[in-house]
Amino acid sequence: MFKNIFHKIGYKLIFAVGLTTLLIIGVFAYFNIKSYSSALLEEVENHANQLSETVKYSVHYDMMLNQRERIHRIINTIGEQENIREVRILNKVGEIIYSSQENDIGNMVDKNAESCYACHAADQPLEKLSITQRTRIFRLHPDSSRTLGIINPIYNEESCWGADCHAHSKDQTVLG
């Protein structure tokens with residue numbers, strides 16, 4: 001009689017401890033995976049920003065000399081890399097001036113599009129955004145893989161507004 005009671009209590013105790021352990025491990029795994037995913041995404045955003053800064057610095061000198069063919073060649077070379085879908089340089093009004101996709105050149109981007117509304121949602125466009133605010137993850141098609149997009153403004157510098165060949169005013173903050 002006592003043996004039968006202990007068996008029932010033993011099974012109940014093992015079940016309760018096992019279920020509690022499984023629940024604790026599950027909750028810990030969920031938060032651990034969420035934390036690692038967030039850290040990985042932040043690292044990818046930082047690398048994308050570093051690449052976009054590299055693009056800006058690569059074309060800076062050629063922009064100062066207005067060497068359009070060299071700028072186009074640099075953009076095409078970077079855009080040909082396997083994991084880069086597209087590289088574009090836009091002017092202040094949203095016209096695509098340079099692109100690794102030839103048929104995009106001369107087109108206007110929609111300032112209400114997902115990639116633009118972070119800066120252009122207000123009446124006056126924002127000039128400074130954090131890396132997180134300048135990046136977005138989207139799918140080109142519902143069944144495609146995710147794509148990371150980043151916007152990196154080209155700011156007006158003294159070398160831009162002070163040059164004889166450029167028509168940028170000193171007061172214009174963002175060139176494209």
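**A chat about Ile-74 and its surroundings**

Student: What does Ile-74 touch, leaving out residues up to four places away in sequence?

Tutor: Ile-74 touches Ser-58, Val-59 and Asp-62, where contact means heavy atoms within 4.5 Å. This is a predicted model, in which local features need pLDDT of at least 70, side-chain atom pairs count only at pLDDT 80 or more, and totals for chains, interfaces and linings use all residues. Residues are numbered from 1 along each chain as its sequence is written, and side-chain values use heavy atoms, with hydrogens and water left out.

Student: Which residues make up the largest nonpolar core?

Tutor: That core has 12 residues, namely Val-55, Val-59, Ile-71, Ile-74, Ile-75, Ile-78, Ile-84, Val-87, Ile-89, Tyr-98, Ile-154 and Leu-175; such a core is a set of buried Ala, Val, Leu, Ile, Met, Phe, Trp, Tyr and Cys residues joined through side-chain atoms within 4.5 Å, and buried means under 20% relative accessible area with a 1.4 Å probe, protein chains only.

Student: And which helix gives the largest share of this core?

Tutor: H2 does, with 4 residues, and helices here are DSSP runs of H or I with at least four residues, numbered from the N terminus.

Student: Switching topic, how are the rings of Tyr-30 and Phe-31 arranged?

Tutor: Their centres are 5.1 Å apart and their planes lie at 75 degrees, so the pair is edge-to-face, given that rings of Phe, Tyr and Trp (its six-membered ring) pair if their centres lie within 6.5 Å, with planes under 30 degrees apart counted as stacked, over 60 as edge-to-face and the rest as tilted.

Student: How much of the chain is buried?

Tutor: Buried residues make up 25% of the 176 residues in the chain.

Note on methods
Buried means under 20% relative accessible area, exposed over 50%, partly exposed in between (1.4 Å probe, protein chains only). Helices (H or I, at least four residues) and strands (E, at least two) are DSSP runs, numbered from the N terminus.
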